[in-house]
Amino acid sequence: MAGQKIVKSNFFLEDNFLETLAEVPAKEVAAWQPDKKLEIIGTPVSRIDGYDKVSGTAQYTFDVILPNMAFAKTLRCPHPHAQIKSIDTSAALNHPGVLAIISHKNTPAIPWYFNTSYLFDPHLRYLGDEVACAAAESEEIAAEALKLINVEYETLPFVPDAKKAMEANAPKLYEQGNIQGGKPSVYQRGDAEKGFKEAGEVVEDTFTTQVAVHNTTEVHCSVANWDGDRLTVWDSTQAVFSVRDALAQSLNIPASKVRVIKKYMGGGFGSKLAPGKYTVMAAILARQIGRPVKIALDRKEMNLAVGNRPDSVQTLKAGVKKDGTLTALSHRSYGTVGSHPSGAGCSWPFRTIYQCDNVYVEEYSVFTNAGPGRPMRAPGHVQGTFALESFIDELAEKIGMDPLEFRLKNYTEKDQVFNLPYTSKRLREAYKKGAEAIGWQRRSQPAGSDPGPVKRGIGMATQIWWGGGGPPAYATIRLNRDSSVHVLTGTQDLGTGTYTYIAQVAAEVLEIPLEKITVTLGDTGLCPYCPSSGGSVTAPSVAPAVHHAAEQIKAKLISGAAALLELPEDQLLYEKGVVSSIKDPTKKIAITDILSKMQEQELIATGARNANPKGYAINTFGAQFAEVTVDTETGKVKVLKVVAANDIGRLLNWKTAENQFHGGIIQGIGFALMEQRIIDQATGKVLTTNMHDYKMPTVMDMPEIEAYVVSEADTLISSVGAKGLGEPAHIPTAGAIANAVYNAIGVRIKSLPITPDKVLTALHQARRLP
Ligand code: MOS
């Protein structure tokens with residue numbers, strides 16, 4: 001059991017296929033088979049950090065207050081595109097209470113955004129780009145200082161729209177032009193043109209989606225403190241180790257001198273996945289003034305500068321036979337990534353979710369003078385799934401087939417991009433469960449036939465995502481003499497329940513009550529390495545490492561008991577903290593006695609995530625079914641009910657899982673019906689920079705939500721058998737709602753968000769107004 005070895009493994013972190021050499025268990029941990037009865041895994045345990053959160057004692061980054069702390073604010077570019085000609089900070093520095101100001105004039109050129117730009121770059125590519133950062137005695141004084149900084153800008157021609165940015169004479173953000181990488185990203189298999197010729201029907205349609213902003217509850221925030229040459233940073237991040245490494249690199253100091261801490265977090269959704277400029281700026285200012293510095297972004301900055309989901313214009317084309325066979329699919333899309341490199345591609349689901357031998361994909365990521373794109377809860381898949389699933393509905397109608405039957409007709413048992421079987425796929429079960437729960441037969445046939453001005457409709461969408469996780473990921477367990485347990489692992493809890501299921505895994509193996517388990521996460525100074533919490537890889541990566549560590553502790557206890565009881569190990573049984581002889585149960589010894597007789601205060605073991613199995617694709621699957629009403633007099637869509645049914649491998653905790661379903665669906669309703677960043681094309685100004693103008697769902701928009709997990713443990717992946725859920729829960733919602741809207745009114749809205757004006761216009765054009 002003890003010990004690790006180095007092997008090759010691979011996994012998807014979002015759409016990045018990573019091949020790793022990873023340290024994994026030398027001897028595989030025996031998997032919890034699906035039929036094994038587990039005591040605490042899979043039960044609806046309340047969050048172990050629940051009290052801390054509801055009582056307000058949980059320490060978020062914003063809550064960190066250090067003696068003698070100073071506060072920083074950032075000066076941001078007021079123009080969509082400009083060059084700094086000169087910058088004069090003397091008046092600001094003379095202002096009482098101002099401590100330091102940094103800009104490109106007095107800091108080294110620190111590479112940023114994959115080396116396309118700098119921490120402070122005098123070439124400003126969007127309205128909100130960082131110009132300077134001031135530290136002062138208070139946040140108010142820092143804000144006053146910004147007003148006193150004199151900047152002379154040379155304004156440049158700008159282009160906030162992706163389509164215009166692709167035109168030959170558009171203002172350029174980069175010398176090489178506005179198309180990222182200079183060309184589209186192309187994927188193809190088979191021969192799409194040949195496939196179209198073989199089809200009975202060829203259908204083509206275009207769908208668009210908007211730019212959405214994460215707008216996490218917790219603002220982006222850092223507190224930096226130097227102790228000699230050692231830096232400690234509290235940071236609101238999905239990746240403490242990435243932030244540590246970015247700080248070490250930016251400041252040119254060893255990683256061992258940097259400690260990054262994140263205890264609690266109010267959501268990230270991808271906006272806190274990459275290290276933030278504000279974090280490095282706080283560290284530079286703190287070093288300069290010899291005091292701790294806190295920097296917290298405000299709502300406006302969050303809507304301008306820390307990421308968004310790229311928009312998309314997607315043209316889909318399919319060849320389909322009368323019996324429902326897909327003979328060819330093509331997908332051409334473009335979308336804006338804003339001012340810096342990111343990904344606007346959205347074709348991944350399209351490539352493999354349905355059986356089709358001939359596929360062609362062409363995607364353009366386009367630079368515009370707008371805030372930088374960043375991954376956002378299932379990057380690409382959310383936009384792509386809305387378009388694809390709307391399109392699939394259209395195709396089914398075209399050949400007169402039930403849309404669910406059409407999806408089953410094109411079901412695939414293997415990943416078609418890598419030509420590999422799945423470790424598990426329970427999508428059929430998800431379809432069945434979801435269709436039953438929503439009452440699929442109740443939908444309007446034909447679409448729009450529900451009488452009355454307020455029409456009901458039902459629609460569905462399918463989801464695929466990665467979320468299999470993989471190594472490297474480690475967990476250390478310290479078992480104390482009093483049989484209490486401390487689990488340390490360098491992952492982070494974004495608010496998803498990571499603390500809780502980690503404690504559950506340790507409790508399950510060691511058969512120790514949850515109350516005796518303490519979990520420390522999100523601290524590079526204490527915890528062994530774990531990957532970034534993105535791509536829904538956290539549970540499937542970390543839980544098996546905890547399992548491995550706990551099994552090692554158990555093996556040590558048995559080994560210790562064997563010596564103390566003078567019995568061979570294979571004649572001993574571990575149960576609820578006591579090791580006893582199988583033959584003579586009166587011969588037994590408990591944890592406390594084992595450790596004290598061994599003269600040990602604690603037993604320590606570090607576990608590792610196993611390598612992924614060779615020759616398989618690992619994916620999560622699911623389906624959502626939505627029921628809506630559309631008021632044809634006002635155009636208002638109301639979501640009545642959403643049913644989600646998912647394949648997530650083994651369910652670890654129903655409460656934290658249901659919480660992910662709810663969050664994913666609610667965010668999906670926002671994307672489907674109301675959320676959008678709006679830029680005034682004439683001035684380049686973002687018009688939606690607060691939570692009033694950027695509309696998000698509230699309690700008044702909540703539907704009934706019903707969620708089901710239709711899978712059992714996927715023992716090919718790991719000993720725990722869990723797959724991710726955070727992103728899968730969000731991917732199909734907008735598509736299901738869009739299809740339900742079509743079913744209600746018989747007119748398809750092909751552009752998100754489905755706002756009342758679009759519904760009324762579409763009804764008017766189709767002459768379907770009441
Ligand atoms: Mo994410 S968008 O996997 O943080």
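**Exercises on a predicted model**

Leaving aside residues up to four places away in sequence, Thr208 touches Ser312, Val313, Phe386, Lys750, Ser751 and Leu752; contact means heavy atoms within 4.5 Å. The model is predicted, so local features need pLDDT of at least 70 and side-chain atom pairs count only at pLDDT 80 or more, whereas totals for chains, interfaces and linings use all residues. Residues are numbered from 1 along each chain as its sequence is written, and side-chain values use heavy atoms, with hydrogens and water left out.

**Exercise 1.** Describe the setting of Thr208, beginning with the strand in which it is found.

*Solution.* Step one: Thr208 belongs to strand S12 (residues 201-209). Helices (H or I, at least four residues) and strands (E, at least two) are DSSP runs, numbered from the N terminus. Step two: Thr208 is partly exposed, because its relative accessibility is 25%; buried means under 20% relative accessible area, exposed over 50%, and partly exposed in between (1.4 Å probe, protein chains only). Step three: the side chains of Thr208 and Ser751 make a polar contact of 3.3 Å. A polar contact is a pair of N or O atoms within 3.5 Å; within protein, one must be able to donate a hydrogen and the other to accept it, and residues adjacent in sequence count only if both atoms are side-chain atoms.

**Exercise 2.** Is Thr279 buried or exposed, and with which side chain does its own side chain make a polar contact?

*Solution.* Step one: Thr279 lies in helix H7 (residues 277-289). Step two: Thr279 counts as buried because its relative accessible area is 2%. Step three: its side chain makes a polar contact with that of Asp235, at 3.1 Å. Step four: the residues that Thr279 touches, not counting those up to four places away in sequence, include Ser222, Val233 and Leu247.

**Exercise 3.** Check the span of helix H13 (residues 498-510) against 1.5 Å a residue.

*Solution.* Step one: the expected span is 1.5 Å times one less than the number of residues. Step two: H13 has 13 residues and should therefore span 18 Å; its end C-alpha atoms are 19 Å apart, which agrees. Step three: as to covering, 13 of the 13 residues of H13 are buried. Step four: just after H13 comes Glu511, with a positive phi of about 55 degrees.

**Exercise 4.** In what order do the seven strands of the open sheet stand, and which are the edge strands?

*Solution.* Step one: the order is S5-S9-S3-S16-S13-S14-S15, with mixed pairing. Step two: strand S5 (98-103) and strand S15 (258-261) are the edges, each pairing on one side only; two strands pair if DSSP finds at least two bridges between them. Step three: S5 pairs with strand S9 (residues 130-136) in the antiparallel sense over five bridges. Step four: Val98 stands opposite Ala136 in S9.

**Exercise 5.** How many disulfides does the structure hold, and how far from Cys133 is the nearest cysteine sulfur?

*Solution.* Step one: a disulfide is a pair of cysteine sulfur atoms within 2.5 Å, and the structure holds zero disulfides. Step two: for Cys133, which is in no disulfide, the nearest cysteine sulfur is that of Cys221, 12 Å away. Step three: Cys133 is buried, because its relative accessible area is 0%. Step four: Cys356 is likewise in no disulfide, and the nearest cysteine sulfur, that of Cys346, is 17 Å away. Step five: Cys356 has 1% relative accessibility and therefore counts as buried.
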